[in-house]
Amino acid sequence: MKKIRAILGYLIPYRSRVALNIVFNLLSVIFSLFSLTLLIPFLSILFNTQARITALMPLSLEYARTHSLGVWEIVKNNFNYYLSQLVDNQGSAYALVFIGVLVIITSLLKTGFKYLSLYHLTALRNGVVKDLRTKIYNKSVDLPLSYYSNERKGDIMSRMTSDVQIIESSIVSSLEMLFADPITIVVYMAGLLMMSPHLTLFVFILLPVSALIIGQLGKTLRKSALKGQQMMGMILSLLEETLGGLKIIKAFNSEDRIKHRFDEQNIRYTRVMNKIMRRQYLATPLSEFLGTVVVIIIMWYGGALVLGQKSVLRPEDFIGYLVVFSQIIHPAKSFSTAWYNVQKGLASVDRVNQILKANVAIAELPDARPISNFTDSIEFRNLSFSYTHEPVLKNINLKIPKGQTVALVGQSGAGKTTTADLLPRFFEATEGEILIDGIPIRQVRIKDLRNLMGIVTQEPILFNDTIFNNIAFGVENATYEEVRKSAEVANALEFIEANKDGFQANIGDRGTKLSGGQRQRLSIARAVLKNPPILILDEATSSLDVESERLVQDALSKLMKSRTSIVIAHRLSTVVNADLICVLHMGEIAEKGNHTELMAKKGLYYKLHSMQVFA
Ligand code: ADP
Ligand code: MG
């Protein structure tokens with residue numbers, strides 16, 4: 001029930017649409033009931049059993065109470081009065097035509113109102129799905145990086161695409177039934193009650209029994225649906241991995257292996273889906289069968305009433321009753337099908353909610369301080385960090401005065417990238433803190449903090465867009481001149497202008513149309529344009545060949561001039577000139593000093609250095 005309420009929550013912005021939908025549905029149902037009950041006088045005239053009504057009754061509650069009649073009976077009486085007049089004055093055939101025209105008019109009203117109700121439902125259906133997509137996308141951008149290191153990317157994608165799709169196709173598309181069918185059933189039931197209270201009491205007993213049987217079956221559906229969606233997540237993960245690693249898959253002749261792996265997953269998914277669909281398909285025949293049983297029981301009971309000694313029911317009333325009743329079977333059936341669909345969709349609601357409710361661990365304090373520039377120093381104070389339970393950084397203490405270049409070196413896995421990631425608060429320190437100009441970064445507005453930093457990573461992160469837009473990514477309203485100037489500083493101008501489209505050239509997915517060095521120079525140009533006081537360079541030249549490294553290194557030197565930089569470098573030759581070199585070893589700062597001091601110490605740095613010189 002809580003989940004249903006969660007879904008209803010999505011409808012709140014559309015409450016006026018919901019209201020209109022319900023009102024029009026109600027009108028439509030009322031007119032459809034009218035058009036059906038007109039069958040009774042039609043039959044009466046046909047069988048010539050139409051009672052001659054010679055007097056009108058006043059249509060007032062007062063009269064109804066004093067004569068202990070229902071309002072319905074007064075209306076029926078008066079209608080029959082006019083009909084008797086018509087039969088007497090114009091003949092039976094004319095009266096039949098009159099009823100026929102009435103049926104056409106009421107049907108027109110019925111279908112017209114139905115369309116109006118669906119018209120408003122459309123905005124609701126599509127709007128709810130749109131809101132859901134926006135919510136998930138926004139949330140996925142807001143979630144901290146740590147969230148993604150614990151989840152499969154494909155699974156998240158499947159929640160965003162396939163689960164949203166299922167919510168749309170199962171729950172949202174059932175809204176029509178969920179809103180309309182109960183109205184239909186209630187109105188028809190009221191109609192039936194007026195037509196024959198006797199029979200209807202009987203129906204009241206039969207319907208809940210069949211509803212119970214159908215409901216029982218829907219329960220297991222949700223569990224299987226959840227399993228199916230988890231498997232869909234696995235499949236998308238595989239697909240994502242495959243597309244990203246196609247080169248290696250081909251190089252290692254692993255096509256068959258990876259196809260096999262996919263096949264296994266795919267078959268498992270199909271099996272679960274078979275199970276789900278079979279159960280779902282059961283809904284229709286089961287409710288149809290139960291419906292038939294109910295109808296037969298009613299025919300038997302109603303027949304007994306008609307044929308009985310006291311003749312409580314006229315045959316044409318009974319036929320009219322059956323026709324109206326037969327109209328309940330359809331909404332009852334479609335309601336139970338809709339209910340099944342919702343059960344299936346709820347599993348997807350769960351999965352989507354897991355993202356929507358995920359904790360944005362790196363939240364800003366409500367009274368976070370704005371900072372506009374960097375004036376003094378960055379300090380890591382007693383900083384420890386762990387991704388899971390293993391500590392990755394242990395008690396790091398380091399002060400970087402403004403304008404200096406600090407290098408972090410050490411073996412792979414020592415914790416260099418982690419240290420650099422903590423500064424822009426991509427991750428939150430487990431213990432200790434980082435201060436910027438003496439203010440803990442936790443107390444600073446995250447946007448302001450990140451505004452102070454430019455980051456160039458080993459794998460340049462570019463988007464499938466033009467060169468211009470990739471460079472201008474972090475800066476609003478950058479002019480062509482500014483972008484061109486940044487490209488020039490980053491040694492990128494030459495290759496950009498060699499291309500006939502220049503800055504408007506598209507660089508492909510993640511920049512695949514460019515070489516590694518070119519990509520790196522674009523990401524440097526991006527940092528140049530942003531012009532941040534603090535620079536973080538994480539192995540910016542490590543994956544480049546010697547020639548591009550020279551170009552990139554030159555670009556970086558220009559970028560680092562008069563800035564505060566944290567440089568992570570694999571190749572020690574690039575950090576020789578740093579003001580301070582920190583050697584990280586297993587998450588701790590093992591040595592600190594400049595190049596000459598550390599070489600003289602003949603410790604870890606000396607060892608790393610001689611290994612590289614030797615290589
Ligand atoms: P470096 O940059 O010095 O090569 P990292 O800072 O990337 O090292 O990694 C330090 C340690 O943290 C490694 O042992 C690595 O396995 C672990 N690590 C890195 N990223 C994650 C992550 N997202 N989740 C869990 N562990 C991680
Ligand atoms: Mg690293």
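Me: Why is Asp 501 called partly exposed?
Reply: Buried means under 20% relative accessible area, exposed over 50%, and partly exposed in between (1.4 Å probe, protein chains only). Asp 501 has a relative accessibility of 42%, so it counts as partly exposed, whereas Lys 500, with a relative accessible area of 78%, is exposed. This is a predicted model, in which local features need pLDDT of at least 70 and side-chain atom pairs count only at pLDDT 80 or more, while totals for chains, interfaces and linings use all residues. Side-chain values use heavy atoms, with hydrogens and water left out, and residues are numbered from 1 along each chain as its sequence is written.

Me: What makes Asp 501 and Lys 500 a salt bridge?
Reply: The term requires a side-chain nitrogen of Lys or Arg within 4 Å of a carboxyl oxygen of Asp or Glu. The closest N and O atoms of Asp 501 and Lys 500 are 3.9 Å apart, and the pair forms a salt bridge.

Me: How do you know that Arg 159 and Asp 155 are paired, and are they buried or exposed?
Reply: Their side chains meet in a salt bridge at 2.8 Å, N to O. Arg 159 is buried because its relative accessibility is 7%, and Asp 155 is likewise buried, at 10%. Both belong to a network of salt bridges that also links Asp 163 and Arg 351.

Me: Why does Asn 353 count as buried?
Reply: Its relative accessibility is 14%, and therefore Asn 353 counts as buried.

Terms used: Chains lettered and ligands numbered in written order.
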